[in-house]
Amino acid sequence: PNAVAGWTGTDQSIDTETRDVLGPGDFLSRLYSRPQPASPIGLFIGYFPSQRTGVTIHSPKNCLPGAGWVFESSQSLLLNDLDGRPHRVGEYVIANGEHRQFVIYWYQAHGRSVANEYMAKIYLVADAIRMNRSDGALVRVTTPIGLNESNATARDRAEQFTQELFPMLPRFIPD
C-alpha cells in the first residue's frame, strides 16, 4: 500500500540496467516519509514468479558491495509482527563513504520468511518438488543513519515500519 502506519510512499523508478540484472519479475521501489522530521524508509520488493538455474533472487550480500556499500555489522533474528507472529529477518548496518544505512531484508515465499539465502534456496528446491512452485520474493527495508543518530534509533524506525508491513504482504506476495 501507498500508506503504512503514518508513512506515505512515493514510487521510485528502477533504471533499465538494474531491471536487466534483476531479470524477469515484478518490482516495487518506494520511499516512505512522514510529516514530522524523520529519516525516510526505503522499501524494495522483488517478486520472481519462477526461479530456475541462472534466474533466481539476487542476494543483497552480493548486490550491495557491487554498488560500493560495505557491511559494518550483520545478524539474523526473529522479528514479530503486530500480531506477535515471528518472522526470520537479516539486519545489517552498511556504509558507503560517510553514508550509513540500517537494512532489514528477508526472502518471502509460501508463507515463510527466511533471512539466509542458502536456506531460501533449499526451500526453493523443496517447494518446487513438493508444491511445483518456484516463486518467491526478496523484501528489503532501508533507512539512513543520520550523522548524529545512533544505530539503535535507525533500527527502531526500520523495525517498527517492518512490523506494520508484515501483515500486509500476503495480499501482494502469494502464500
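Trp106 and Phe166 are both buried in this predicted model. The two residues form a tilted aromatic pair, with 4.9 Å from centre to centre and 50° between the planes. The pair joins distant parts of the chain, since Trp106 belongs to strand 7 (residues 99–109) and Phe166 to the segment after helix 4, 60 residues apart.

**Surroundings of Thr162**

- Trp106 is also one of the residues touched by Thr162, the others being Leu79, Ile104 and Val141, when residues up to four places away in sequence are not counted.
- Thr162 is part of helix 4, which spans residues 151–165.
- With a relative accessible area of 0%, Thr162 counts as buried, because that class covers values under 20%.
- A polar atom of the Thr162 side chain lies 2.7 Å from the backbone oxygen of Ala158.

**Aromatic pairs and cluster**

- A pair of aromatic rings is described by the distance of the centres and the angle of the planes.
- The structure contains seven aromatic pairs.
- Phe27 and Phe44 form a stacked aromatic pair, at 6.3 Å centre to centre and 20° between the planes.
- This pair likewise links distant parts of the chain: Phe27 is in strand 3 (residues 26–33) and Phe44 in strand 4 (residues 41–48), 17 residues apart.
- Both Phe27 and Phe44 are buried.
- One aromatic cluster is made up of Phe71, Tyr92, Tyr105 and Tyr107.

Note on methods
Residues are numbered from 1 along each chain as its sequence is written. This is a predicted model: local features need pLDDT of at least 70, side-chain atom pairs count only at pLDDT 80 or more; totals for chains, interfaces and linings use all residues. Side-chain values use heavy atoms; hydrogens and water are left out. Helices (H or I, at least four residues) and strands (E, at least two) are DSSP runs, numbered from the N terminus. Buried means under 20% relative accessible area, exposed over 50%, partly exposed in between (1.4 Å probe, protein chains only). A polar contact is a pair of N or O atoms within 3.5 Å; within protein, one must be able to donate a hydrogen and the other to accept it, and residues adjacent in sequence count only if both atoms are side-chain atoms. Contact means heavy atoms within 4.5 Å. Rings of Phe, Tyr and Trp (its six-membered ring) pair if their centres lie within 6.5 Å; planes under 30 degrees apart count as stacked, over 60 as edge-to-face and the rest as tilted.
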